[in-house]
Each structure stands twice: as C-alpha cells, then as structure tokens.
Amino acid sequence: MSDNIFDIEVQPLSAWSPSGDKPLIIAGPCSAETESQTLTTAKSLCGHVNIFRAGIWKPRTDPDSFKGVGEEALKWLQRVKNDYSLPCATEVLSPAQVELALKYQVDYLWLGARTTINPFVVEEIAAALKGVDIPVFVKNPLSPDLSVWVGAIRRLNKNGIKKIAAVHRGFNSLYAAPLRNDPIWNIPIKLKCMYPSLPLLCDPSHIAGDVKFVDAIIRKAISLDMTGLMVEVHANPETALSDSRQQLTPDRFLTILSHISDYITKPLYKNEVAEDTPEIKQLEYLRSLISTFDENLLNTVSQRLHTVEEIGTIKEKLNMPALNVSRWNQVMESCLARGKELGLSEQFITDLMELIHRESLELQNKSN
Ligand code: PEP
Ligand code: MN
C-alpha cells in the first residue's frame, strides 16, 4: 500500500446500522417534494429497507430548478419516523442545515458530492458536528480524486465522528457515456483496500442517471462486496422535481431487492469458511495457480523491460528517438491479433500494452 495512508478510526457498521451485520439498504426519493409524496414513498418502502432517504436542500446545477423544500420537509421526515418506524437520512450542505436537521432529530446525515469536494465546507460541517453522535455518509467528490474523498472522511473523524460510511456515486466525466457519472470502480476498490473497516455503500442511481442501468450497477457493487446501497425511489418518478429519470418506482425497486435477496440476507464480513469442503480445496488450488501465474507474469515483464533498456542503449548510440511509431503499431497489432486468438478483450490488450509501452518509453528516456 502507498505510504500516505492516514489513520481513521471508525466503528463497524454493525455497531450503528439498523441492518446489524447485514448490508445497509437506504432508499427514498431524490427530494422530499410534498408531504404526501414523501409519506407514500415511505409507506411503500417500510419493512423492505433500513433507512429512508430524502433530500431537503438540493444543490442544483440550474439556479431556476427545484431547490428543495427546506425546513418544512423535516416535519415530513418526522412523520416517516413516527408513522412507519423508518429512520431517516438527509443531505446537509452547511452548519445551519446541520443544526436544523438535528433539531428535527434526523437520524443520519450525508455529505453530497458537491460538498465532499470542498474541504472548507466539510471542515465547517465537521466542526458543527463535534460532540454529536450521529452517523454520516460521505459521498465521493465530483472529481475522481481519492485523496479528497479520504480528506472529507478524516475531517469528520478528527471532529469525533466515528460512525461513518463512504458512498460511491460515480465521478463527473468529460466524455459522453450512457452512464450519468463514471463509476471508475478502481477508486472505491482502492478506498476499500486502504480502509477495510470503513463501510462502503454504492449509490447506483447517481452513477446510472437512468433507471435502465440501475440493476446492472447494483450487481457490480455486490460483486465488489460493497457494504450496502443507497437507491433513489419515488412513488411517481415521472412527476419528480429532480433526478426524474433515475428514480425507480417502488415496485421496480422491490423486484430488484427480491432478486438480490442472497446479498441482503447474508452477514457481512463473514470470513471465508475454513472447512475442508471440495470447493474450498479447489479454491485453494486455483489460488496457488494464480500465484504462480503472477510470478511468471512479473518475471516476463521484468525481462521485457530489461530488454527495452538494452535497446535504449543501442538507440542512444545510433542517435534514434525512443518512440518509434511504426514499430509500436506493429507490436500493438500483433498483440491484438494474438489476444483475439486467446479470447482476450481488445480493450484489455490495448490498456495492458499501452501501460507497458509507457514504462518502456520512460526507461529509454532515462537511459538517453
Ligand atoms: C442526492 O443524493 O440526491 C444527491 C444530490 O447526490 P450527489 O451528491 O451524489 O449528487
Ligand atoms: Mn438525486
């Protein structure tokens, strides 16, 4: 692991989550719009999810669009708690909003992507939460910068908040893509490797941007062993005042939940069974093969790069540049052809060879 890992001290999810040692399922509308929309949505979710979410203050891109109802909607969340026994979560963007949310006994807070990205605002919110025992969900920042995400978590932690979960909601992307936000899965995976005890949830709705992708994103999150989900669900998505396309109807959401019942009901952090079953033996054997392949792979890469350095010395003598486009095109072409024969994806071969080529150029540049 890299050497700039800072300590964080968080409580395990089971110590504070209404889901106990099971994945935490949070759902509800993007925004609380009216009392009846809030209560109808909560009614359809009660008994199926652990926490009800609804935005009260909405950070919108367009200044003329719906900005959330504000304080009035906090009373609706209180009704959700009382009428449906569902704990509630909302987004806070300032110390004043923290104060109001606490006044109305909101159970969980979250920092949105537009807040996490701003260390100054995070610091103010963290200071407002000093001495308050409330769990906080921290969405990733808009930009794909893991250190900013970690920074926000640390700021809360330094102010005594120990009930923290990170929420992966994808990153702004320059490229037109079917998804609204680029998941860049590598970033949450890195966060998980750095802080295995930090609960990590996935918000498939903001990654997807459209209901038709939500199911696939949830499956991907489950395959990465994420600790829970925060999903946007609206009683009547077509009429929603924000994020209309990505909000599921309660029916569609409950169908998804029924398909992932194995995930929802299985305890988290269960160590792999130490039993001597044939499957476990086979798993161990296959893992030993993987270790051998990795060893061979690294040896081969090392030999390749040493050869590249030798070539670099000759190029230097002949006064040739490190980059030779026609040779590189040939290499890539033959690797792609071989990769195809071996059933490897074109994208994978391209990424792999570009990475090796980048290092090769770097080495020849050094020897020059
Ligand atoms: C939201 O959850 O409705 C929201 C605004 O999320 P994000 O901060 O991830 O955009
Ligand atoms: Mn939203």
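**Close-up views of a predicted model**

**View 1. Trp16, Tyr108 and Phe137 make up one aromatic cluster.** The model is predicted, with local features needing pLDDT of at least 70 and side-chain atom pairs counting only at pLDDT 80 or more, while totals for chains, interfaces and linings use all residues. Residues are numbered from 1 along each chain as its sequence is written, chains are lettered from A and ligands numbered from 1 in the order in which they are written, and side-chain values use heavy atoms, without hydrogens and water. Rings of Phe, Tyr and Trp (its six-membered ring) pair if their centres lie within 6.5 Å; planes under 30 degrees apart are stacked, over 60 edge-to-face, and the rest tilted. The count is 3 aromatic pairs.

**View 2. Trp16 and Tyr108 form a tilted aromatic pair.** Their centres are 6.4 Å apart, with 45 degrees between the planes. Trp16 lies in the segment before strand S1 (24–28) and Tyr108 in strand S4 (residues 108–111), so the pair ties together parts 92 residues apart in sequence; strands are DSSP runs (E, at least two residues), numbered from the N terminus.

**View 3. Arg154 lies over the face of Phe6.** The distance to the ring centre is 3.8 Å. For Arg, this requires CZ within 6 Å of the ring centre and within 35 degrees of the ring normal.

**View 4. Domain 1 (13–265) and domain 2 (278–367) come from the domain assignment of the protein.** Such bounds are taken from an automatic or database assignment. The domain 1 and domain 2 centres, taken over C-alpha atoms, are separated by 41 Å.

Definitions and conventions. Helix = DSSP H or I, 4+ residues; strand = E, 2+ residues; numbered from the N terminus.
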